[in-house]
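Here is a short report on aromatic contacts.

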Amino acid sequence: MKPSSLVALGVALRLALAPFFMHTWDMATILMSVDQFLRGLNPYDYVMKMADELYRTTGIPIPYYGYAYLATPLFIYAPFYLLYRLLAGPGEPLIGGHGYIYTGLHLAYPQLFLALLLIKLPVIAGDGLIIGLLARRSYSAAKAYAFSPYAVFITSIWGNFDPLVGLLLLASCLTFERHRALSGFLYGLSAMKFYTLAAAGAFITRLYREPRQLAAFSLGFSASMIPSLYFLLLNPSSFLYALLFQGTRPVNGVNIFYSLVDVRGLLPLLQLTRVISLIFLGALLLVTYLLAKRGVGLFESVTALMLTYVIFAPVTNEQLLASLLPLGLLCRNFSHRLTLFPLLYAGFNSSYQYFAIPLFFSSTSLRAAWDAVNLWWGAWVQDFQLQLRYLFGVGLGLGSLSLLKGTFTGERIRLTLALASHGGSHHSLRQAGA
Amino acid sequence: LRALALLELLVLAMLLAFSFVPLLPLYGWQGYGPAGEYTYFAGAYRLRYNDPTFGNDKPHIFAHIAGRPVDLIELSDQESEVNGTRLWGGGLRVSTRVVNGTLYVRYEGALSLVKYVRPLEGGVEIGFASNATMDLTLTLWRWYYSSVEGYSRPAARNLTPSASIGFAFTDGPGTFTAQLLVAPLPSAASISGVEGHGLNKISLRFVSRQVTLVIRVPEGGQPLYAPLLDIRGSNYLYPLIALSCAACYLYISRRTGAL
């Protein structure tokens, strides 16, 4: 198959699924914040207002899970949301996405399908670019990405923009040798979800002895922050609140710390999160130092630092690997099989049927079928879902640790999940030298 | 590489240490993120008081049976009213606090109303107190009741107001009985349900300044519960998973000679 056919197939697959699936909470956040932005309102003000209200109401110092990213995605999504408005007219396609699904969620049909398709277009186009860029270096990597169940899941089923972060991180690495300013600009854009900042050391350790190059990279990085600077100047407190939110979230997600989620008291959990954050920072510095000392290449250094994030960061969402996948597929210290863990975790966290809400809520009979599936799924998994999520978190953490080690041992890493021959499911990690 | 080996050791040590955290004896009301719901753990009951964005589960009461929290009953603020105004979604200003082991919910609007949720030795007490006589309608839900006051057909019907309402529910192979004790006597009581499924709603109307509900599962007379899976002690799975995975990881690492 020609690379162009691969791109076309990968994009077509994503387009076909896009209108019918979503992560309701995240899609509500994206649609609401872009709508606020286009109406001249400040989405960061809204998040801070909601957090204040939450504190007044509950007395618990918890953050509100709203728009807490840099401003770049607002500008990316805005034209597509405007196009939706142009085609569908006024009226929200999704109301109550942050409320109780059974009674508070209102979906407008067929507008919702159109909104989902259009709002996912920039990320789908980004996936097309990723496949094209990968195909120029490794056909097998491009093929793996085009048909990766995980990549398709995050782009078209979940509907989040982490794959766009992955594209920008990949593009930043690809342009680094030839164009420092452009590389810095792309890296800055990739920081729209903050966690790529973990890889900063890979760039800085290559540049700190060349002040002019460092200045060019920094200039590009700074230019990418202009949209965010606008909101910082508009209301520093609400913008900084959103930034701090990501740094103060309690432990959660697919990681080795998931057992702490059973600590129901928020305050002890926040204290433990601070300890873990300090360990994470220490590990990041150590790995950065070791990578620089051993002269590991840029691609593998960035991958290794992102793996360090996966292992040590207190909050690692299911979508996180989408930001590493495009670059990782070109590196020997990454394995596509790692994506199996967040893919399984998502099923036992949100549940797979949760993502099919747009499809199933479109008619009474489908809705009844969704309720039945939901009840059935709940009955089977409710007793052990926390422990299963923990197992997947440990799998991802130790799998990443194994790959991180491979960065330094110079071995070709293979991460294998084998089914035992006696029929029961059995997971094993196998690391083998090339 | 020694530094990397130490880092590896640190990861395994953290994995093992944190896996024991779920075994800590944490009881009582706990503020629980991420959205601000409150959870209570202790002995025979577990309570969940939903976060402000939801009107259901205010609270949701579970009975601990064979280690599993079995759905007992739920009070819905979304479907309950005071003087014709919904307790949730009706424009009332609501705030929740835990004081000395009791959860207090303050509703402020035309009148001031306080709800409290207090776990007792043998049940859970939910009380309402206001600064003026109020017309309070409460709805208590379960999907589904096997029977309420002996009625099992899901037809809407009025009940004779009584200080004690008995209901039964099925979980796994057993059918349990529970009691709802109310004071003062409700001015009206009714039940309703969904045809083909069962009864799911008890409505009680009070005209009073103070209302108290106590929900309890009597200890005697319950079926011998034999669930398919007894999950008492399932928290031990955390260290078990951590130990097994760490052992597998070390075995594979040593075998392949990495580090």
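The charged end of R180(A) lies over the ring of F176(A), 4.2 Å from its centre. R367(A) places its charged end over the ring of F361(A), at 4.1 Å from the centre. A charge sits over a ring if NZ of Lys or CZ of Arg is within 6 Å of the ring centre and within 35 degrees of the ring normal.

This is a predicted model, where local features need pLDDT of at least 70, side-chain atom pairs count only at pLDDT 80 or more, and totals for chains, interfaces and linings use all residues. Side-chain values use heavy atoms, without hydrogens and water.

Over all chains, the structure holds 38 aromatic pairs. Rings of Phe, Tyr and Trp (its six-membered ring) pair if their centres lie within 6.5 Å; planes under 30 degrees apart count as stacked, over 60 as edge-to-face and the rest as tilted. Two of these pairs are tabulated here.

| Pair | Centre distance | Plane angle | Class |
|---|---|---|---|
| Y44(A) and F231(A) | 5.3 Å | 70° | edge-to-face |
| F361(A) and W370(A) | 5.0 Å | 85° | edge-to-face |

The Y44(A) and F231(A) pair links distant parts of the chain, 187 residues apart. Y44(A) is in helix α3 (residues 43–58) and F231(A) in helix α13 (residues 226–234). Helices (H or I, at least four residues) are DSSP runs, numbered from the N terminus.

Y44(A) has 0% relative accessibility, so it counts as buried. F231(A), at 1%, is buried too. Buried means under 20% relative accessible area (1.4 Å probe, protein chains only). F361(A) and W370(A) are also buried.

One aromatic cluster includes Y44(A), F231(A), F37(A), Y67(A) and F161(A).

Conventions:
Residues numbered from 1 in each chain as written. Chains lettered and ligands numbered in written order. Helix = DSSP H or I, 4+ residues; strand = E, 2+ residues; numbered from the N terminus. Buried < 20%, exposed > 50% of the residue type's maximum accessible area, 1.4 Å probe, protein only.
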